[in-house]
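Keep the structure open while reading.

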Amino acid sequence: MPEDLQTIKKHYELAIVGCGPAGLSAALNAKIRKRDFILLASEFCSPKLSKAPQVENFIGFPEISGEELRQRFLNHVKEKEIEIVPFKVSSIYQGPPFTLVSKDQSFEADAVIIATGVSVNKLFPGEAELLGHGVGYCATCDGPLYKNKSVAIVSYNKEGEAEANFMADICSKVYYIPYYSDIVKLDSRIEVKKGKVKGITGTQSVERLDLNEEQLSVDGVFIMRETLPAEQLVVGLEMEDAAIKVNHKLETNMPGLFAAGDCTGQPYQLIKAAGEGGTAALHAVKYLDNLKSSAQKVPAL
Ligand SMILES: Cc1cc2nc3c(=O)[nH]c(=O)nc-3n(C[C@H](O)[C@H](O)[C@H](O)COP(=O)(O)OP(=O)(O)OC[C@H]3O[C@@H](n4cnc5c(N)ncnc54)[C@H](O)[C@@H]3O)c2cc1C
């Protein structure tokens with residue numbers, strides 16, 4: 001287990017998934033309300049915010065770059081002694097308590113706020129249909145199922161390199177299809193393919209990955225994006241127009257599960273994300289209080 005994951009407890013009142021403006025604002029409010037919470041993040045907090053060249057519509061900051069605003073957000077949570085825990089969530093199982101799973105670890109939380117942003121990359125043809133039948137988002141989680149088999153890893157970032165290296169020890173063949181430049185750490189047994197994905201095909205399960213200039217016979221395809229499609233993160237999560245369906249309290253269709261920021265739909269704006277994050281945290285706090293008081297009312301047997 002990596003050292004930085006050792007501090008994770010088995011159970012929290014609240015888990016906040018994502019460290020963009022929505023997740024950071026949710027964490028700030030949870031901290032002010034003195035809740036027992038954890039803030040989970042993938043490698044870099046908000047690549048989107050960092051890429052915004054000039055932000056002109058964030059009240060109080062008439063002219064600021066996205067990166068400067070990002071640093072201010074991070075400083076603010078640091079000042080409040082909020083820890084950002086590296087933990088890319090691969091699945092959330094319905095609760096309460098909810099179970100949050102990464103490739104290394106899992107823990108429970110009574111309430112969860114999803115603040116994972118949106119993926120700018122569309123799903124590949126065949127991806128949704130074959131999900132769970134050879135298509136997956138965490139190679140290291142499913143690795144043993146592919147012993148002596150052939151897999152392809154399609155990755156939008158360097159995170160895929162570690163996954164591919166892990167699979168090289170297990171599989172008979174590993175293809176790596178990077179959607180970024182400068183690969184650094186790939187095992188020599190891995191074959192890099194530079195093509196773009198046209199689709200994933202198979203009848204019962206994955207049989208082939210079609211690239212623009214060739215077809216690869218594979219048993220599994222793993223796709224590593226910055227953000228997982230929300231409906232893949234939580235099975236049964238209700239969606240509307242490709243966004244998580246929420247009400248004005250930022251509640252989803254599952255009690256105790258809230259969502260905030262770009263993942264709840266357009267407009268994709270910083271002020272909306274930060275506002276929804278804070279609002280979701282306040283409603284999550286209310287939810288937790290109700291959960292506690294109803295548990296206290298249950299007569300002892
Ligand atoms: C180039 C550009 C310019 C922009 N300019 C403006 C502007 O001028 N004004 C404006 O209002 N908006 C602007 N935006 C939009 C703004 O950046 C977004 O609306 C805002 O960042 C959304 O915040 P969020 O917290 O919902 O999601 P994000 O900022 O996308 O943050 C989500 C975070 O969650 C993490 N994450 C995702 N999945 C997981 C997981 N499974 N486990 C753990 N962590 C996870 C991601 O790594 C990311 O750090 C711009 C966007 C871009 C790309």
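Helices are DSSP runs of H or I with at least four residues, strands are runs of E with at least two, and both are numbered from the N terminus. The model is predicted.

**Ligand shell.** Several elements each supply at least two residues of the shell around the ligand. The table names them.

| Element | Residues |
|---|---|
| Helix H1 | 21-32 |
| Strand S2 | 37-41 |
| Helix H2 | 47-51 |
| Helix H7 | 270-297 |

Which residues come nearest to the ligand? Of the 33 residues around it, these are Gly 18, Gly 20, Ala 22, Gly 117 and Gly 261. By class, the shell holds 17 nonpolar, eleven polar and five charged residues.

Five residues from domain 1 and five residues from domain 2 make up the contact. On the domain 1 side, the residues touching domain 2 are one nonpolar, two polar and two charged.

**Leu 282.** This residue sits in helix H7, one of the elements that supply the ligand shell. Leu 282 and Tyr 175 are separated by 107 residues in sequence. In space, their C-alpha atoms are 46 Å apart.

Methods: Residues numbered from 1 in each chain as written. Predicted model: local features only at pLDDT ≥ 70, side-chain atom pairs only at ≥ 80, totals over all residues. Near = placed C-beta within 6 Å. Nonpolar A, V, L, I, M, F, W, Y, C, P; charged D, E, K, R; others polar. Contact = placed C-beta atoms within 7 Å.
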